[in-house]
Amino acid sequence: MFVLICATLLFSVRGIHAETGASVWGRQYCEAGTFCITLGVADITAEAGLCVVIPCSFSTPAAFKPKHIVWYKCKTSNQRCGDSDMIFHTNKHSTKVQSLFKGRVSLLQPDVSQGNCSIFINDLTESDSGAYQLRVNGLLDGISDGFTYSERAVLSVKGMESYNKY
Ligand SMILES: *[C@@H]1O[C@H](CO)[C@@H](O)[C@H](O)[C@H]1NC(C)=O
């Protein structure tokens, strides 16, 4: 049910940009050569109690083989999220994921090699608001490596009260 609602939202995000004539649903940011991330063009607003999709895709240099996707969430005023801000890891055994996010975050496309980092988050609360930052862990020429993308998705979750004003 939640997945269905979120899927519909994702579709409408794409639809809006299709109408403006843009060729993609988001904007691509590249750094360190060919580590690129595409995020939606606008900040995301969602309602507490519901769910949200953060649309995302990424690419890496050919020599880098992605194995795990990690998401962090921190205050937008923090320039970069840190290890203690981890909210999702495709390695289910990771012990650093914040307990408040455990079981609420899922990848839309579980196959990491597809370069699809879109996540959906269930049971939103206002404290889920913030900047969401992606890290991809993998192998660079066979050696363990990882890359944290600087560009972040910004989510604001509003309680019912904020909506009643309108
Ligand atoms: C990611 O995968 C989901 C599920 O297959 C799909 O709906 C979505 O469009 C994909 N997003 C991107 C950015 O490719």
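**View 1. Three disulfides are present in the structure.** A disulfide here is a pair of cysteine sulfur atoms within 2.5 Å. This is a predicted model, in which local features need pLDDT of at least 70 and side-chain atom pairs count only at pLDDT 80 or more, while totals for chains, interfaces and linings use all residues. Residues are numbered from 1 along each chain as its sequence is written, and side-chain values use heavy atoms, with hydrogens and water left out.

**View 2. Cys30 is linked to Cys36 by a disulfide.** The sulfur atoms of Cys30 and Cys36 lie 2.0 Å apart, and because the torsion about their S-S bond is about 110°, this disulfide is right-handed. Cys30 has 45% relative accessibility and therefore counts as partly exposed, whereas Cys36, at 7%, counts as buried. Buried means under 20% relative accessible area, exposed over 50%, and partly exposed in between, with a 1.4 Å probe and protein chains only.

**View 3. Cys56 and Cys117 are joined by a disulfide.** The S to S distance is 1.9 Å, and the link of Cys56 and Cys117 is left-handed, with -80° about the S-S bond. This pair connects distant parts of the chain, 61 residues apart: Cys56 belongs to strand E5 (residues 56–59), and Cys117 sits in the loop between strand E8 (105–107) and strand E9 (119–121). Cys56 counts as buried at 1% relative accessibility, and Cys117 counts as buried at 0%.

**View 4. A disulfide connects Cys74 with Cys81.** Here the S to S distance is 2.2 Å, and the torsion about the S-S bond of Cys74 and Cys81 is about -75°, so the disulfide is left-handed. Cys74 counts as buried at 3% relative accessibility, and Cys81 is buried too, with a relative accessible area of 8%.

View 5. Helices (H or I, at least four residues) and strands (E, at least two) are DSSP runs, numbered from the N terminus. Read along the sequence, the pattern is α-β-β-β-β-β-β-β-β-β-β-β-β-α. Of the 166 residues of the chain, 42% count as buried. Among the contacts (heavy atoms within 4.5 Å) with a separation of 6 or more, 59% are between residues 24 or more positions apart. The accessible surface of the chain, from the Shrake-Rupley method with a 1.4 Å probe, comes to about 9,200 Å², and 55% of this belongs to carbon and sulfur atoms.
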